[in-house]
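The structure comes before the entries.

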Amino acid sequence: MRELVESALNDSLDQLLRSDGEILAMDVNERSISHRLASYLEPFFQGWNVDCEYNRNHDDPKRLEIIRRNIQSDDTQATTVFPDIIVHRRGTDENFVVIEMKKTSSQEADDYDLKKLSAFKEQLGYQFAIFVKVRTDINPSIDSVKWV
């Protein structure tokens, strides 16, 4: 199954670079880039919903028990989360793929997103969690892809 997800992701990332290189070069908002990637992923996941910034777990806000960003203690609390891209079946517990994206121009460290991805797998049952970092400059590219 991982091979199918990996192939879909690689094909979609290639399409993103081919079709949307100009918005990457302009360093547009991460949500715009995530939306474009989600649109390329959708045909590969027939029968699934591919959503951006989807913050619902059934009728409730999607929450994770994680250390909040910018908090110095190790206290956790249920934090509402907005995953960049998810492949799931709305209104069910069928959670398949979660993707967090970051631009190389971002000032934030990758650690929080990686911890959040681990929590998505452990707490919400996503089968695959992937961190994608895109280079947004004059020569846009995929900087890294990490499977969590």
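**Salt bridges and burial**

I first looked up Asp51, which is buried at a relative accessible area of 10% (buried means under 20% relative accessible area, exposed over 50%, partly exposed in between, with a 1.4 Å probe and protein chains only). I worked on a predicted model, in which local features need pLDDT of at least 70, side-chain atom pairs count only at pLDDT 80 or more, and totals for chains, interfaces and linings use all residues. Residues are numbered from 1 along each chain as its sequence is written, and side-chain values use heavy atoms, with hydrogens and water left out.

I then looked up the partner of Asp51 and found a salt bridge with Arg90, the closest N and O atoms being 2.8 Å apart (a side-chain nitrogen of Lys or Arg within 4 Å of a carboxyl oxygen of Asp or Glu). Arg90 lies in the loop between strand S6 (85-88) and S7, and Asp51 in strand S1 (residues 49-52), 39 residues apart (helices are DSSP runs of H or I, at least four residues, and strands of E, at least two, numbered from the N terminus). Arg90 is partly exposed, at 44%.

I next recorded Lys103 and Asp27, whose closest N and O atoms are 3.0 Å apart in a salt bridge. This pair joins strand S7 (residues 95-103) to the loop between helix H1 (2-25) and helix H2 (30-41), 76 residues apart. Lys103 is buried at 13% relative accessibility, while Asp27 is partly exposed at 31%.

I noted a network of salt bridges linking Lys102, Asp110, Asp113 and Lys133. In total, the structure holds 10 salt bridges.
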